[in-house]
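Hi everyone, thanks for making time this morning. I'd like to walk you through one model, so please have the sequence and the 3D view open as I talk.

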Amino acid sequence: MAGLEAQRAAMINAMSGLQSELGQLTQLSNLLSSNTNILHEALRKADGVIEGSASHAKPDIDELLVAPTVVSNQLYNLVAEERALGDAIFMLGRAVERGKIPPAVFAKTTRSLAREWYLKKALARKIAQGMGMGLGPGGQY
């Protein structure tokens, strides 16, 4: 009889432990269900935003890349123009090498572009120094 009583006590303890674990699993299940619902709602909203954005026109890249101040925006534009002039002079050199343009046209056009390039580079350097920006390696901004 004592063995049966001990077995009964052990079963009662085991049953209370199982009920405790069942309660914890129920709480975990409720938490996971709540998180799943939140995730599904967020995914639904994200899908709506994606579908809505498909109908919008793509913005112009120049509208997105705007400097925080007027002066820094001027510097941004100057550096872009300066680099474009450098590329134009390089391409003129390539064109004269390949015989696409005569050397006289190359010399006249290059002089004009180089003058403009120098002025833009000087103005960009002056603006950068006024903004407290140092020059990077190779004199780059």
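Let's start with Ala14, which sits in helix 1, the run from residue 2 to 54. Before going further, please keep in mind that this is a predicted model.

Moving along the chain, have a look at Ala67. You'll find Ala67 in the loop between helix 2, residues 61–64, and helix 3. Setting aside neighbours within four places in sequence, Ala67 is in contact with Ser72 and Asn73. Gly23 is another matter: Ala67 and Gly23 are 44 residues apart in sequence, with 58 Å between their C-alpha atoms.

Now to helix 3 itself, residues 70–97.

Which residues of helix 3 are buried? The list is Ser72, Leu75, Leu78, Val79, Glu82, Leu85, Gly86, Ile89, Leu92, Gly93 and Ala95. While you look at the spacing in that list, here is a reminder: an α-helix has 3.6 residues a turn, so residues three or four places apart point the same way. As for what covers these buried residues of helix 3, that includes helix 4, residues 103–130.

Between these two helices there is a loop. Helix 3 is followed by Gly99, which has a positive phi near 80°. Ile101 is in this loop between helix 3 and helix 4. Leaving out neighbours within four places in sequence, Ile101 makes contact with Leu92, Ala95, Val96 and Phe106. Ile101 also gives us another distance to look at: from its C-alpha atom to that of Asn30, 71 residues apart along the chain, the separation is 77 Å.

On to helix 4. The same check works here: at 1.5 Å a residue, its 28 residues should span 40 Å, and the end C-alpha atoms are 40 Å apart, which agrees. The buried residues of helix 4 are Thr110, Leu113, Lys120, Ala124, Ile127 and Ala128, and what they pack against is helix 3. Just after helix 4 comes Gly132, with a positive phi of about 80°.

So how do we describe the pair? In general, two packed helices are described by the angle between their axes and the distance between the axes. Here the axes of helix 3 and helix 4 come within 9 Å and cross at roughly 160°. Angles over 145 degrees count as roughly antiparallel, and helix 3 and helix 4 are therefore roughly antiparallel to each other. Their crossing is left-handed. The residues of this contact between helix 3 and helix 4 divide into 18 nonpolar, five polar and five charged.

Let me zoom in on two residues of helix 4. One is Thr110. With a relative accessibility of 16%, Thr110 counts as buried. Not counting residues up to four places away in sequence, Thr110 touches Ile89 and Leu92, both among the buried residues of helix 3.

The other is Lys120, also part of helix 4. Why does a lysine count as buried here? Because Lys120 has a relative accessibility of 18%, and the cut-off for buried is under 20%. Which residues does Lys120 touch, beyond those up to four places away in sequence? They are Leu78, Glu81, Glu82 and Leu85. Take Glu82 in particular: Lys120 and Glu82 are 38 residues apart in sequence, yet 6.0 Å apart in space, C-alpha to C-alpha.

Notes: Residues numbered from 1 in each chain as written. Predicted model: local features only at pLDDT ≥ 70, side-chain atom pairs only at ≥ 80, totals over all residues. Heavy atoms only, no water. Buried < 20%, exposed > 50% of the residue type's maximum accessible area, 1.4 Å probe, protein only. Helix = DSSP H or I, 4+ residues; strand = E, 2+ residues; numbered from the N terminus. Contact = heavy atoms within 4.5 Å. Axes fitted to C-alpha atoms, helices over the stretch in contact; angles between N-to-C directions. Parallel < 35°, antiparallel > 145°, perpendicular 65-115°, else oblique. Left-handed = near helix turned anticlockwise from the far one by under 90°. Nonpolar A, V, L, I, M, F, W, Y, C, P; charged D, E, K, R; others polar. Expected span 1.5 Å × (residues − 1).
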